[in-house]
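I opened this entry to record what I looked up on salt bridges and on model confidence. The notes follow in the order in which I made them.

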Amino acid sequence: RLHLALQPCMLLTHRHHILLQLPGDGFELVLLAAHRARLVSQGSLTTGTAVPWASLGLRTDPLWADVTVRDLPNLPQPVQKPRPPIHIGGAGPRFTMPLVARYADVWNVPTYALGEWAALDAQLGEQCAAIGRDPGEIKRSHEAVIGLAETERGLPEVEAAVRKRYGGPGFGLEHAYIGTPEMVAAQIRAREQQGIDSLIFMTNVKSAEATMRLFAEQGHDLLG
């Protein structure tokens, strides 16, 4: 999975077409819709434009107002069929959610919207119905903070470090995954029952390697 910064579509489309020639089915396009909203506010994109990656056809018309190229060839064609999965992350009702309803294969709920995700999910269902799309076609994922302690004895130290790094209101710590591997695995199973298919974890840079190693060593067996 590659997170690609939003660039002029003429460049971005061709860069990801090169990557699509890699063998296998591991390429997933992740779009952060907040970037698009910022560009709309700056006048680089118009609010009515479509996202060209939803249908990887043979040609693309770049969307940027200052780009005049048209009918640009999208060659070579991707290895993955019919195309790579498209992730769209965000929660804004004006720009993001309509894009999710129309184009996303995976909707990623960011940390700042975890407390509202059930209501947003209902809105997504309504927006899908309005365009005749089955909301069940869209997988749900969450972005969340994680802090792992090997034992409960080490939990206060881990929690303190997480709160120091991610204590701001936008990080959704009330929905964070903080605990021992057993405790975090239980949280993940609960989210799975709620329809969450995948998770994108944020962790402290200083403890990232240790956290992911501990999760890989124990979390896999706990989650089956």
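I began with helix H7 (residues 208-223), where glutamate 209 and arginine 213 both lie, four residues apart, about one turn of the helix. I take helices (H or I, at least four residues) and strands (E, at least two) as DSSP runs, numbered from the N terminus. The model is a predicted one: local features need pLDDT of at least 70, side-chain atom pairs count only at pLDDT 80 or more, and totals for chains, interfaces and linings use all residues. Residues are numbered from 1 along each chain as its sequence is written, and side-chain values use heavy atoms, with hydrogens and water left out.

**Salt bridges**

I counted as a salt bridge a side-chain nitrogen of Lys or Arg within 4 Å of a carboxyl oxygen of Asp or Glu. By this rule I noted four salt bridges.

Glutamate 209 and arginine 213 form one of them, with their closest N and O atoms 2.7 Å apart. For accessibility I used relative accessible area (1.4 Å probe, protein chains only): buried is under 20%, exposed over 50%, and partly exposed in between. Glutamate 209 is exposed because its value is 58%, whereas arginine 213, at 42%, is partly exposed.

I then turned to helix H5 (residues 155-165). Here glutamate 159 and arginine 163 are separated by about one helical turn because they are four residues apart. Their side chains meet in a salt bridge, 3.3 Å from N to O. Glutamate 159 is partly exposed at 31%, and arginine 163 is partly exposed at 45%.

Next I looked up arginine 140 and aspartate 121, whose side chains form a salt bridge at 2.7 Å, N to O. This pair links distant parts of the chain, 19 residues apart: arginine 140 is in strand E7 (residues 139-148) and aspartate 121 in helix H4 (residues 117-131). Which of the two classes, buried or partly exposed, applies to arginine 140? At 11% relative accessibility, arginine 140 is buried; aspartate 121, at 22%, is partly exposed.

**Confidence**

I read pLDDT as the predictor's confidence in each residue, from 0 to 100. Its mean over the chain is 76, and 65% of the residues reach 70 or more. Among the elements, H4 has the highest mean pLDDT (95) and strand E1 (residues 2-3) the lowest (40). Over residues 1-22 the pLDDT is below 50, and beyond near neighbours in sequence this stretch has 60 contacts in the model, a contact being heavy atoms within 4.5 Å. Residues 34-58 also have pLDDT below 50, with 59 contacts beyond near neighbours in sequence. Where pLDDT is low, the predicted coordinates should not be read in detail.
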